[in-house]
Amino acid sequence: MIKRILLIVALSVLIFGGLFGWKFYQDRQALSQMQAPPPTVVAVTEVKRERWQPYLTSVGSLVAVAGVDVSNELAGKITVIHFESGQSVKKGQLLLELDTSTDEAELRGLQADAQLAKVRFERSERLIGKKFISQSDYDLNQAQLAQAQSAVKAKLSVIAKKHIRAPFDGKLGIRLVDIGQYLAEGSAIVPLQMLDPIYVDFTLPEQHLAGLTIGQQLILTVQAYPSKIFTGTISAINPAIDIETRSIKLRATMANPDSILRPGMFADVRVLSSQEQEVLTLPDTAITYNPYGDSVFVVESGEQGLTVQRRQIETGETREGRVQIVKGLQAGERVVSAGQVKLRNDMPVRVDDRPAPGERENTP
């Protein structure tokens, strides 16, 4: 009985051992016939050497060189309006007339008094030489003439003040009055802004004061025209530092011949330094940003072909999709710009024939 059991056990071991051995042989054969996975396809770019203009960045607001609400100095009723909303005007151009009928009637009476006083004075001039009138009568007639002429000039000034004129060249806003409306003294009639040139006011930290000078160039952009770049120069530097913010206020003057820049606009300001600097740059798509530091995958050539190695780098400024490389790379080195997520050190790669994604739009 024991021999029979041992025989069955031995046969079972032989059968199952043969099955497992056959399966192991098949697996080895399958592994030997399998091909290695193809290299990962990546886009590659080179570290470029460029010349960048150093600049200081700030934000500012556009301010009109001159801007007022045109108003009346004297009260009166509007008889004529000579302008339209949004119209461009020149200095001294007539904008509006107030009723002057009463003033003109009074003026005619004053002119008559002045004429009579002039006749009396001229008669006195002839008689004083012949000693026919006293010196006091002559002086009285002379004073009455001067007084009458002054009254005429005063009334002419009142009439002129009721003809409202533009105080400077500029562009009018929306009209705030209508014909027939009575205006009290100092009533707003229409906004007037001088748009060419135009100021931009901005601030910079006090540590940059030594590098700022009158006439220094700057460029700015506004949200209304994101594709346009406007240029100007620093025209004023505040003599005092703001105690609360430890910053200095500056004003720049911008040419605005088309009047597209308007007071109150928000502006991104870049104050340019005098000399350009040579820097190394990469497209921002080539850099992997992590809390422990920025890195790139550098493409290296070896006996097994192209492989990649992760390298830590130090970055600087970013401009128009390109990042300054401060440390970690040399000019001409090839870096993976797309497909970094699936890479690891020493992994074989194949370079895509197309340009890097951040450079394709610049390639014809």
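In which strand is the place of D201? In this predicted model, D201 lies in strand β10, and with a relative accessibility of 13% this residue counts as buried, because the cut-off for burial is under 20%.

Most peptide bonds are trans, and most residues other than glycine have a negative phi. Against this background, two residues call for comment on their backbone angles. S259, which is not a glycine, has a positive phi of about 55°; this serine is placed in the loop between β13 (247-254) and β14 (266-272), where S259 is partly exposed, with a relative accessible area of 22%. Likewise a residue other than glycine, D346 has a positive phi, near 65°, and is found in the loop between β19 (334-338) and β20 (349-351).

Turning to the helices, α3 covers residues 135-161 and has 27 residues, which at 1.5 Å a residue should span 39 Å; the C-alpha atoms at the ends of α3 are 39 Å apart, in agreement with that expectation. The buried residues of α3 are Y138, N141, L145, A148, V152, K155 and I159, and these buried residues pack against helix α2 (101-128) and strand β7 (163-165).

A search of the whole structure for aromatic pairs finds one. The pair is formed by the rings of F121 and Y138, whose centres are 5.4 Å apart; because their planes stand at 35°, the pair is tilted. F121 belongs to helix α2 and Y138 to helix α3, and the pair thus links distant parts of the chain, the two residues being 17 residues apart. Both F121 and Y138 are buried, and Y138 is also one of the buried residues listed for α3, the helix whose buried residues pack against α2.

Definitions and conventions
Residues are numbered from 1 along each chain as its sequence is written. This is a predicted model: local features need pLDDT of at least 70, side-chain atom pairs count only at pLDDT 80 or more; totals for chains, interfaces and linings use all residues. Side-chain values use heavy atoms; hydrogens and water are left out. Helices (H or I, at least four residues) and strands (E, at least two) are DSSP runs, numbered from the N terminus. Buried means under 20% relative accessible area, exposed over 50%, partly exposed in between (1.4 Å probe, protein chains only). The expected span of a helix is 1.5 Å times one less than its number of residues. Contact means heavy atoms within 4.5 Å. Rings of Phe, Tyr and Trp (its six-membered ring) pair if their centres lie within 6.5 Å; planes under 30 degrees apart count as stacked, over 60 as edge-to-face and the rest as tilted.
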